[in-house]
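Reader: Could you walk me through one part of this model at close range? I would enjoy a connected account.

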Amino acid sequence: MSAAEGPLVVGVDTSTQSTKALVVDAATGRVVASGQAPHVVSTGAGRESDPRQWWDALREALHQCGDAAREAAAVSIGGQQHGLVTLDVHGDPVRPALLWNDVRSAPQARRLIEELGGPKFWAERTGSVPSVSFTVTKWAWLAEHEPEAARSAKAVRLPHDYLTERLTGEGTTDRGDASGTGWWASGTEAYDEEILARVGLDPALLPRVVRPGEVAGTVRDGHDLPFSRGTLVAAGTGDNAAAALGLGLRPGVPVMSLGTSGTVYAVSERRPADPTGTVAGFADARGDWLPLACTLNCTLAVDRVAALLGLDREAVEPGTDITLLPYLDGERTPNLPHSSGLLHGLRHDTTAGQLLQAAYDGAVHSLLGALDLVLDADADPSTPLLLIGGGARGTAWQQTIRRLSGRPVQIPEARELVALGAAAQAAGLLTGEDAAAVARRWNTAAGPVLDAVERDEATLTRISGVLSDAAPLLERNADSR
């Protein structure tokens, strides 16, 4: 390992499937060491994970970092949002954590919205209409189905909170992750006592919300990680807010993340409140806001279409009359949770490559519709769209997004943006800088820019028309289940 120019910091990404750790030079942003270890997640409607394995995975990931981790002066944890972690009086898990993609609380989500003033109430109070992902619905499910577990809980945490507390011994969270619970009021930036009372959750069980830039604590004695006692621990945050930090986002810069699901977001100085529920009004980790929308069908759905056709995912061909709505897992944006995929316009001369291109078009159409809702009305449409995630380096994805958005597209070269954002937060504790400014100094968003091309309005109009005409059919699928 070559000598670092500044102190070393550790950024952690504890995601659904694994924990990743980066040791980063706070002066330059250079990653000097990294490690990763997997998690085990249950399958089916209930998606659960034992929080103790997150700690074990963190130990293993840091062990892979070697001596560099021992030199770290500060650490921060970024983590999967929404998960419900219940701890007993000793700080041990009462039961496995209910993860963001555990869908068993759908009835509780509907009931909470209906019982507490409808979507408008929730949007105005918390910034978001709670979906099945939100922590408040999971607590309501637990209280109804496992009341003894709910009564045994002496602390309620989010995934990143759990690891931070094991480091410091203090129960803390941050505004970014708290805003995804459904019990944090975005207008007052405090826990909402009315919502907590409705679900029977004592606010004394919740962690203290640490302010942006504040030290959450220091590493305590008795841990089995390679950190020295007194190492600074930042507040940490949720994964989307951490990725925004990792990019050094300024207001109005759009981000599209291409993974199994697709996500679009941007930093805003205006508090969002969308009563349709399309846009989640998250807070960011700094003091601004992070309106975000999510589609369920992205790279995995398009890859499935490619596999069905026996094609490589890049084997697209141009076509003008085919529409494929790749809603293989239902869809969240547009809100068609029980829908399935739909193909329209098939002809004798249609090629497999044209069908594959239509799948890309259908997936990107959903993302761009969400992006229009996420961005402020006065956002500059010539600002490059930052393309991140597993699909970002795919040529077919890049070219489809350019053609349908009419925007320039920039592909940041930096990887592991959640862990990088956490590292920037840790570095800010040492330098006194805003964490996003640290990431901008590290130039994390740097990467090639693909010039804008003329927006393909005809394709967008055609897809919108098919979607409108087919909506009754797509919605009818709910009655057949």
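Reader: Which residues does Gly362 touch, not counting residues up to four places away in sequence?

Author: Happy to take a look with you; please keep in mind that this is a predicted model. Gly362 touches Leu324, Pro326 and Ile463 once residues up to four places away in sequence are set aside. Gly362 itself belongs to helix α12, which covers residues 352–374. With a relative accessibility of 1%, Gly362 counts as buried, because the cut-off for that class is under 20%.

Running through residues 118–126, α4 has Gly118, Phe121, Trp122, Ala123 and Thr126 as its buried residues. An α-helix has 3.6 residues a turn, so residues three or four places apart point the same way. The cover over the buried residues of α4 includes α3 (106–115), β10 (184–185), α9 (193–199) and β18 (280–283). After α4 comes Gly127, with a positive phi near 90°.

Most residues other than glycine have a negative phi. His82 has a positive phi near 75° and sits in the loop between β5 (72–79) and β6 (85–87). Asn443, with a positive phi of about 60°, lies in the loop between α15 (435–442) and β24 (449–450). As for accessibility, His82 counts as buried at 9%, whereas Asn443 counts as exposed at 51%.

Methods. Residues are numbered from 1 along each chain as its sequence is written. This is a predicted model: local features need pLDDT of at least 70, side-chain atom pairs count only at pLDDT 80 or more; totals for chains, interfaces and linings use all residues. Side-chain values use heavy atoms; hydrogens and water are left out. Buried means under 20% relative accessible area, exposed over 50%, partly exposed in between (1.4 Å probe, protein chains only). Helices (H or I, at least four residues) and strands (E, at least two) are DSSP runs, numbered from the N terminus. Contact means heavy atoms within 4.5 Å.
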